[in-house]
Amino acid sequence: MKFIIKLHPEITIKSRSVRQRMCKLLQGNIRNVLSPLDEHIKIRSDWDKLIVRSNIFTDEHRLAMIDALACIPGIQAFLEVQEHQVSSLDEILTHTEQVFGDRLAGKTFCVRAKRRGKQVFSSLDVERYVGGGLNQRCNTAGVKLKNPDVQVNLELDGERLYLVNQQYAGLGGYPIATQESVLSLMSGGYDSGVSSYQFIKRGSRVHYCFFNLGGEEHEAGVREVVYYLWKKYGSSHRVKFISVPFEGVVGEILEKVDNGYMGVILKRMMMRAGAVVAERLGINALVTGEAMGQVSSQTVTNLNVIDQATDTLIMRPLVAYDKQDIIDVARQIGTATYAEKMPEYCGVISKSPTIKAKMGRVLEEESHFDFAVLDAAIEAAMVEDIRKLEQKWQLPEVEFSQGSDDVTEVILDIRSPEEEEETPLAVPGREVVVMPFFKLSSQFTELDPSKTYLLYCDRGVMSRLQAIHLKEQGFDNVKVYKP
């Protein structure tokens with residue numbers, strides 16, 4: 001089984017030394033990806049192509065090879081070929097007839113030939129001789145040079161004849177590791193998955209950073225999509241997954257920052273933390289999935305204010321994309337199915353967010369923030385080898401309850417203070433305790449352990465996430481309250 005790998009056009013226009021370096025990296029990347037399929041895979045690098053050979057000939061192996069090659073950055077297209085040694089036009093015709101003869105019955109066709117190396121005939125000679133011979137020997141509907149039913153493709157390299165059975169589209173872009181590494185800030189939604197893919201395709205080793213705002217289920221979902229992206233498009237290189245516990249940071253913002261500035265300041269805290277993580281990994285740039293005007297924190301003014309939180313370069317490949325364009329790419333690359341089921345976080349939601357944050361006001365609001373909380377979150381970050389994400393987290397099941405007359409059951413309102421104050425929860429004949437979600441980790445232990453707590457939030461998302469989180473910590477006296 002053989003494949004001819006065609007290089008992405010941007011590689012072919014590089015200087016000789018850069019092109020050779022990129023081809024060498026691509027050769028290594030292909031070997032890393034295909035070795036699990038065939039540990040004896042052979043890859044030869046020529047000036048304008050690579051030749052991949054495998055001695056395993058099952059249909060299952062063939063399809064696996066095709067799927068893998070289609071997702072390796074740096075490959076513009078690849079041809080599935082049969083190889084023969086030839087020294088004359090008659091030998092070329094004989095081998096071509098054996099492969100294509102049955103396909104040409106009753107159909108129009110043309111022959112397209114490409115040559116490399118020294119032969120005594122031209123490409124046009126090959127096309128005429130082989131085309132005429134096939135037309136005489138096979139029951140065809142005639143030669144048709146434009147829009148034929150079948151196009152017979154063959155390539156000659158010295159005395160090697162490659163008959164092209166099928167041509168497949170590649171991913172394009174640059175081979176991974178030809179560009180510098182980046183740290184992608186992952187939320188698990190459509191945007192961050194697509195922006196990460198764009199940098200994988202462009203030749204970067206993409207490491208992933210997730211800011212956990214208060215839920216094991218959300219992190220489990222992000223881990224799934226990150227592992228999928230790496231396994232599908234970037235498995236030629238090992239990368240890291242970093243999870244930063246940001247629940248305490250969210251709590252500080254909710255308690256000490258003006259409502260309109262919460263979103264911008266949360267993003268600034270993420271950029272600060274991301275910059276520290278990137279520096280520790282020797283990475284010089286952050287990647288986000290932000291698109292101009294998509295939400296209030298993504299206006300030009302607010303993006304500028306967010307960028308000033310750190311000197312680290314922040315890159316936004318989707319900045320001018322429409323949302324539907326992003327969703328379309330996510331469907332194409334396979335991340336949409338993960339984004340669609342990602343739990344929506346409902347913690348930091350400003351009622352009237354500013355769209356033109358003033359730097360002076362931002363600095364004033366941040367002066368109330370205890371940066372020791374941010375430092376503690378960064379120090380508590382978990383760094384994992386991406387390969388460990390293959391094992392899915394086994395999250396505990398949580399029970400739902402509509403409440404009962406049982407006096408040992410207490411409704412625990414975990415909404416943010418502003419939400420709770422705006423619409424206080426009152427359930428006749430039932431005890432309701434208010435404890436914002438960001439205080440659960442530090443104050444839940446102070447509650448009476450003999451009682452069962454029914455966690456409540458407006459949409460039922462945060463309450464479920466926090467119930468899972470508490471169960472992970474060993475608390476079995478929690479359920480989700482459904483009015």
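Mentor: Happy to! Before we zoom in, remember that this is a predicted model, with a mean pLDDT of 89 for the chain and 95% of its residues at 70 or more. Confidence is lowest in strand β15 (residues 400-401), where the mean is 70, and highest in strand β12 (residues 285-287), at 98. Where pLDDT is low, the predicted coordinates should not be read in detail.

Now for the setting. The chain holds 17 helices and 19 strands. Its radius of gyration is 30 Å, well over the 23 Å that the globule rule gives for 483 residues, so the chain is more spread out than a compact globule. Along the principal axes, its C-alpha trace spans about 95 × 50 × 40 Å.

Let's look closely at helix α4 (residues 89-100) and helix α5 (residues 123-137). Two packed helices are described by the angle between their axes and the distance between the axes. Here the axes come within 9 Å and cross at roughly 50°.

Next, find the residues that touch. From α4 come Leu89, Asp90, Ile92, Leu93, Thr94, Thr96 and Glu97, and they meet Val126, Tyr129, Val130, Gly133, Leu134 and Arg137 of α5. Sorted by class, the residues of this contact are 7 nonpolar, 3 polar and 3 charged.

Helix α2 (residues 16-34) and helix α3 (residues 59-69) pack at an angle of about 135°, with their axes 10 Å apart. That angle makes α2 oblique to α3, and the crossing of α2 and α3 is right-handed. In this pair, Ile30, Val33 and Leu34 of α2 meet Met65, Ala68 and Leu69 of α3. By class, the contact of α2 with α3 has 6 nonpolar residues, with no polar and no charged ones.

On the α9 side, look for Met269, Arg272, Ala273, Val276 and Arg280, which meet Phe371, Leu374, Ile378 and Glu379 in α14. The contact of α9 with α14 has 6 nonpolar, no polar and 3 charged residues.

How values were computed:
Residues numbered from 1 in each chain as written. Predicted model: local features only at pLDDT ≥ 70, side-chain atom pairs only at ≥ 80, totals over all residues. Heavy atoms only, no water. Axes fitted to C-alpha atoms, helices over the stretch in contact; angles between N-to-C directions. Helix = DSSP H or I, 4+ residues; strand = E, 2+ residues; numbered from the N terminus. Parallel < 35°, antiparallel > 145°, perpendicular 65-115°, else oblique. Left-handed = near helix turned anticlockwise from the far one by under 90°. Contact = heavy atoms within 4.5 Å. Nonpolar A, V, L, I, M, F, W, Y, C, P; charged D, E, K, R; others polar. pLDDT = per-residue confidence, 0-100. Rg over C-alpha atoms; globule rule 2.2 N^0.38 Å.
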